[in-house]
Protein chains: 2
Amino acid sequence: MIKTHGYAAQSATSAPAPFDFERRDPGSNDVHIAIDFCGICHSDIHQARNEWKSSIYPMVPGHEIVGTVKQIGSAVTKFKVGDRAAVGCLIDSCRNCDSCNAGEEQYCENGATIWTYNSKDKKGNINFGGYSDSIVTDERFVLKMPLNLDPAAAAPLLCAGITTYSPLKHWNAGPGKKVGIIGLGGLGHMGLKFSHALGAHTVQFTTSASKIESAKKLGADEVILTRESNWHVPHAGTFDFILDCVSAKHDLTPYLALLKRDSTLCTVGLPEEPLAIPAFSVGLARKSFAGSSVGGLKETQEMLDFCGKHNIVADIEMTSFAKLDEAWDRVLTADVKYRFVLDLKTLNNK
Amino acid sequence: MIKTHGYAAQSATSAPAPFDFERRDPGSNDVHIAIDFCGICHSDIHQARNEWKSSIYPMVPGHEIVGTVKQIGSAVTKFKVGDRAAVGCLIDSCRNCDSCNAGEEQYCENGATIWTYNSKDKKGNINFGGYSDSIVTDERFVLKMPLNLDPAAAAPLLCAGITTYSPLKHWNAGPGKKVGIIGLGGLGHMGLKFSHALGAHTVQFTTSASKIESAKKLGADEVILTRESNWHVPHAGTFDFILDCVSAKHDLTPYLALLKRDSTLCTVGLPEEPLAIPAFSVGLARKSFAGSSVGGLKETQEMLDFCGKHNIVADIEMTSFAKLDEAWDRVLTADVKYRFVLDLKTLNNK
């Protein structure tokens with residue numbers, strides 16, 4: 001067994017604190033990765049605090065993991081010791097249903113998607129995430145990270161990146177299309193970068209005039225302020241796709257009015273409360289309100305390769321385990337541009 | 001001008017009563033139709049009572065119109081005097097946008113869809129619907145009605161028919177697909193007939209065991225009772241498409257759980273209150289909640305031809321103008337199997 005050091009939440013009300021545990025010795029298909037960087041995702045906080053009512057403790061959060069291969073199993077072919085490697089939101093699935101066979105393991109039809117943390121493996125052991133100095137993962141669920149990307153700034157690609165890239169690709173964002181992005185945080189700023197790089201005319205929606213400049217630097221062709229009533233009227237019926245990255249409850253009616261016939265607004269923000277959709281707001285031009293969740297392994301690798309080619313990473317602020325509580329507080333007030341990344345060198349309980 | 005007799009609501013609070021008015025003399029492209037039958041649609045009541053806050057009075061409701069051609073304009077090519085003809089929910093549009101050019105005039109992008117009643121024509125005159133003994137309509141918006149169909153029972157095809165046929169076709173209901181129908185009223189019973197005739201494995205959802213037999217006679221391969229909690233669990237992830245024909249607010253979460261990855265639940269019931277959609281209920285398998293509104297002229301004709309070929313009409317109860325108030329009351333309590341049709345011979349104010 002591999003002695004591992006990390007930070008864990010012991011209950012819904014206790015802040016993450018130093019925690020020592022063991023990882024399995026690598027099996028024949030496993031890759032043992034020394035973790036260098038781990039992004040902080042809003043869902044780390046939701047789950048540590050049991051806000052989605054499905055938490056398992058002790059919980060070592062973290063699913064935006066970039067590291068260096070330390071050891072490989074005898075059957076591993078994709079990696080060798082010393083390679084840069086990454087682990088994202090999921091580490092196993094049934095591997096046998098239509099979704100898994102299609103490379104969409106995140107939608108495993110047997111409900112057997114195994115998430116990187118706050119989950120149990122097929123033997124019933126709790127899985128621990130990337131707020132720790134190492135991880136052991138089947139190579140099928142390990143990703144190659146392009147070497148031209150800064151590994152710290154690339155960490156958020158594993159969740160914020162794929163979560164926005166996947167729906168943009170699925171709903172055909174690209175040249176000739178007008179795409180809107182709601183929200184300019186960890187998810188939104190990645191959606192903006194991807195939509196721009198995919199060639200779509202990209203529009204950022206924001207309530208704040210102070211964000212116009214940043215949005216344009218990140219790739220917005222246009223920024224629409226959404227504060228005045230009826231702000232949407234001049235833009236009605238002109239959008240091919242809207243990606244909603246907001247995690248709080250909000251009024252979707254004006255955004256649905258922006259869509260063309262047969263177009264979709266997709267949420268990736270996962271607000272806790274249901275969203276209110278007037279039937280007329282979709283019915284009058286056969287519009288859809290959809291959702292999307294991260295991406296499968298095949299598409300995540302495609303996204304990382306796309307990032308390597310277009311030199312896309314997240315805009316990040318580095319932080320440390322000593323400042324973890326403060327970083328979480330700042331995530332909750334959206335006081336970060338645009339994603340925190342933990343440097344594993346700051347883990348003090350080794 | 002053509003003297004016309006009908007029934008009109010004079011305000012949101014007055015019941016429809018005898019009303020005499022004039023139709024225009026047919027222009028070169030117009031068809032003058034003597035109306036034989038007009039279906040009663042729930043939306044007639046919503047609009048007469050100003051429940052959608054957009055009513056124009058006096059209002060002659062009715063958009064499920066079947067009649068006999070009495071006179072044609074000089075340029076009319078599709079119809080001759082004596083033909084059976086039909087008019088549905090819309091009688092004009094901009095005729096020039098992408099939607100109109102695609103034959104989807106109901107989604108006219110210039111907002112210029114002109115509905116059969118509770119609307120104004122391009123000159124600003126109020127349009128009057130089918131609770132009347134004649135109508136004058138541009139032949140582009142007049143439909144041919146297969147002669148093998150009972151003309152009274154065919155009237156509801158013009159709204160209830162196309163409203164359910166269009167989304168079933170759009171989302172590919174057919175052989176190898178499992179399709180669910182929520183609600184067994186005017187819309188639902190047509191959805192059931194169409195889904196069955198299109199070759200889909202068709203499942204009716206109902207809260208009432210007493211409806212099982214009727215649903216099976218109408219074409220259900222399977223009926224699922226939705227009364228017990230967790231009724232949906234055994235059927236989760238198995239549906240390719242669900243058509244929601246319920247006009248009252250209801251909980252969609254269990255139905256969304258029934259959908260396969262990348263599948264859609266489409267509402268055509270147009271509840272007044274917004275529907276509550278939890279982001280997780282669509283996000284966890286990239287599902288969509290969509291809406292659809294009637295259908296364009298091309299597809300409405302295709303639907304009527306399909307009905308002719310498969311001998312599909314609505315199940316109706318004939319009624320008269322003398323019993324109109326009672327019929328409306330019974331529509332509101334769903335006390336009709338499954339659609340009322342007015343016989344224009346019962347119009348007494350001629």
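**View 1. Contacts within chain A of the predicted model.** Among contacts in chain A (heavy atoms within 4.5 Å) between residues at least 6 apart in sequence, 67% join residues at least 24 apart. This is a predicted model, in which local features need pLDDT of at least 70 and side-chain atom pairs count only at pLDDT 80 or more, while totals for chains, interfaces and linings use all residues. Residues are numbered from 1 along each chain as its sequence is written, chains are lettered from A and ligands numbered from 1 in the order in which they are written, and side-chain values use heavy atoms, with hydrogens and water left out.

**View 2. The fold of chain A.** Chain A has 10 helices and 18 strands, which are DSSP runs (H or I, at least four residues, for helices; E, at least two, for strands) numbered from the N terminus. With a radius of gyration of 20 Å, close to the 20 Å that the globule rule gives for 350 residues, chain A is therefore as compact as a globular protein of that length. The radius is taken over C-alpha atoms, and the rule is 2.2 Å times the number of residues to the power 0.38.

**View 3. Burial in chain A.** Of its 350 residues, 61% count as buried, meaning under 20% relative accessible area (1.4 Å probe, protein chains only).

Notes:
Buried means under 20% relative accessible area, exposed over 50%, partly exposed in between (1.4 Å probe, protein chains only).
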